[in-house]
Amino acid sequence: MVLASAPWHRSPWGLAGGLALAGVALCGCAASVPPVAPGTVPVVAAESQYADVAAQVGGRYASVVAVMDNPNADPHGFEVSPSVAREVARARLVVQNGAGYDDFMRVVEAASPSPRRRVVVAQRVLGLASSIANPHLWYDPTTMPAVAAAIEGDLARIDPAHRAYFAARLARFDAAVADLRARIEAFRARFAGRRVATTEPVGDYLLSALGLVNATPFRFQADVMNGVDPAPQDVGTVESLVTGRRVAALLVNAQVSSPVTTTLTGLAEGAHVPVVALYETMPRGFTYQRWMTAEIDAIARALSTGRSTRRLS
Amino acid sequence: MRWLVEPGFFTNPVVGTALVLGAVVAVVSAAVGVVVVVRGQSFAGHALTDVAMAGGAGASLLGASPLLGFLLAGVVGGGSIEAAGAERVRDRDVATGVVLGAAAGLTALFLYFVSSSTSATGSTQSVLFGSVFTVSPSVVPLGVAVAAATLVALLVVRRPLLLSSLSPELAAARGVRPRAMGLVFVLVLAASVALSALVIGAILSTALLVGPASAALRVSRGLVGATLGAIAAGVAAVELGILASYDSFYWSAAHRSVPVSACVVAVVLVEVATSAAWARWGRGRG
């Protein structure tokens, strides 16, 4: 679904909707893609957080579509649908994370080569190798300003008539991110050095920016992220971090659940270790900066009052 | 001892659950497996694993217990294969193949929805290849109950079943009804597949069903001896597999463990190969 600027979301994808869609696909009907609003640059972003930044920079001259925007689904298990291929085929600007996180985008782009399409890859903007171990780059507070600048540059090249408009929107975004940075510094001053445990490396870049120490072995986090069973040794290590109250909070990826994470969350509740939900992709009804602020506030609340935040609202 | 059993093996609660559940599952699989091998139903057994797989995938889509999913699908699928009642071996073979393909397709559909619309992760891995180290201890009582019921049912139908497979005329003379026996046995088989799917995954459960049984049948004479041998081989395969998987954490500097299912299947293969070698060369000299 394509809408001008802010509310670009697809209609909620319930299970029933998914099944109905499969029925449509099975009977051979083509997936339809709504038209782009006239006079706007068609933009496709692989993840909803990049879509949000693109919409903030592009404003009313960009029609932004997010490919992965279901905060209830595990993005690592995402499979591309034919309508995504159509949206990418007509897009003038594509924004994606890279680092192996959204490889399906490369496949879709290769399927419809176009010299008119520009592609912003966050991992390349940051000058990182595609083999980097933790692909959740958007949790690094330095990522989005750089990506927003790259988006602004490309939008200005695609639609030079509105160059000044895009520059002003970028300045507004940068001002909002500066507020976020101030909040991170305040957090750091108060809580630096505190130990936390996580189920996945989703928020690790933010945690190090906040000065927190993640006591969880990276192997365990990577195994949960990749959907393989962590070794029983690692499970034992992480469980004892929680049951022995050797961490101040357990940060759980709200979008990924497995028997291991469910058990761990239960142990944390039993040991009165606060649990904080870290979202892997941006939850609905948020902007990137409001989302990060909400996560930081939730962690601060857990560390200062021991209160859990299982859902952001 | 340190070189054989790495530290923490006996104190790790995850390993404890795995060892108990693994042993229970191995006993049932081996006992049922002997009848499967004697009746020449390995392929039907494998088709049931695919049906069970669809059930496991459906259960993770609905957030239900995987054991219940495996069990329900196996019973329904197995019952319908048996009720279709193809008498000729070739028809039966084709019917089994069709059911197998359909079940695998359904599994693919369910797992697609699991990954695209729910937060469950690793379902593909755990449904297909098992994850006994992540099984919740609360599954153990249900697993033991299903195992006990399966063994009792097997004890009841074992003699008439074997008789009707080894000597149909004699069985008919004694009033054994082969269709009814077949149906009961398929249900027993479905339960056994569901149990082993928990430990080594739906796809690999055939290995645990057929491997220890065929090895034991090669080296022992009577069926009772073969059943006891198969149970010993099955339990050994699962427990050694769990041990090897646990120890493999220490084999590399990066601490990359080998999955339990791969270790169990490796031990089963060694058992089958050893029994084949023994039957071929060892017996002649002894």
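What follows is a conversation about a predicted model with chains A and B.

Biologist: Where is confidence lowest and highest in chain B?

Modeller: Chain B has a mean pLDDT of 86, and 95% of its residues reach 70 or more. Within chain B, the lowest confidence is in helix α5 (residues 123-129), where the mean is 81, while the highest is in helix α10 (residues 223-247), at 94.

Biologist: Switching to the fold, how many helices and strands does chain A have?

Modeller: Chain A has twelve helices and nine strands, and 47% of its 313 residues are buried. Among the contacts in chain A with a separation of 6 or more, 67% are between residues 24 or more positions apart.

Biologist: Which domains does the assignment give for chain A?

Modeller: The domain assignment gives domain 1 (3-179) and domain 2 (192-305) of chain A. Where these domains meet, 24 residues of domain 1 are in contact with 21 residues of domain 2. On the domain 1 side, the elements that give two or more residues are α2 and α7 of chain A, and α2(A) gives the most, with five residues.

Biologist: How do the residues on that side of domain 1 divide by class?

Modeller: The side of domain 1 of chain A that touches domain 2 has eleven nonpolar, eight polar and five charged residues.

Biologist: Which residues touch the most other members of the largest nonpolar core?

Modeller: In that core of 174 residues, Ala54(A), Ala249(A) and Leu250(A) touch the most other members. The largest share of the core comes from α1(B), which gives 16 residues. Domain 1 (3-179) and domain 2 (192-305) of chain A both give residues to this core, so the core lies between them.

Biologist: What is Leu250(A) in contact with?

Modeller: Leaving aside neighbours within four places in sequence, Leu250(A) is in contact with Ala197(A), Val242(A), Leu264(A), Thr265(A), Ala268(A), Val273(A) and Val275(A).

Biologist: Now the contact between the chains: how many residues does each one give?

Modeller: Chain B gives 24 residues to the contact and chain A gives 28 residues. The elements of chain B that give two or more residues to this side are α1 (13-39) and α4 (89-117), with α4(B) giving the largest share, six residues. By class, the chain B side has nine nonpolar, 15 polar and no charged residues.

Biologist: Back to chain A, what span should helix α12 have?

Modeller: Helix α12(A) covers residues 288-305, and at 1.5 Å a residue its 18 residues should span 26 Å, which agrees with the 26 Å between its end C-alpha atoms. Just after α12(A), Gly306(A) takes a positive phi of about 75 degrees.

Biologist: What do the buried residues of α12(A) pack against?

Modeller: The buried residues of α12(A), among them Trp291(A), Met292(A), Glu295(A) and Ile299(A), pack against α2 (48-58), α6 (143-158), α7 (163-191), α8 (204-209) and β9 (275-278) of chain A.

Biologist: Where is Ala84(B), then?

Modeller: Ala84(B) is in helix α3 (residues 66-84) of chain B, and Ala84(B) is partly exposed, because 13 other C-beta atoms lie within 10 Å. Ala84(B) and Ala95(B) are eleven residues apart in sequence, with their C-alpha atoms 8.4 Å apart in space.

Biologist: Last one: which residues does Ser165(B) touch?

Modeller: Not counting residues up to four places away in sequence, Ser165(B) touches Val38(B) and Arg39(B). Ser165(B) lies in helix α6 (residues 139-166) of chain B and is partly exposed, with 18 other C-beta atoms within 10 Å.

How values were computed: Residues numbered from 1 in each chain as written. Chains lettered and ligands numbered in written order. Predicted model: local features only at pLDDT ≥ 70, side-chain atom pairs only at ≥ 80, totals over all residues. Contact = placed C-beta atoms within 7 Å. Helix = DSSP H or I, 4+ residues; strand = E, 2+ residues; numbered from the N terminus. Nonpolar A, V, L, I, M, F, W, Y, C, P; charged D, E, K, R; others polar. Expected span 1.5 Å × (residues − 1). Buried ≥ 20, exposed ≤ 12 C-beta atoms within 10 Å, placed from the backbone. pLDDT = per-residue confidence, 0-100. Core = buried A, V, L, I, M, F, W, Y, C linked by C-beta atoms within 7 Å. Domains from an automatic or database assignment.
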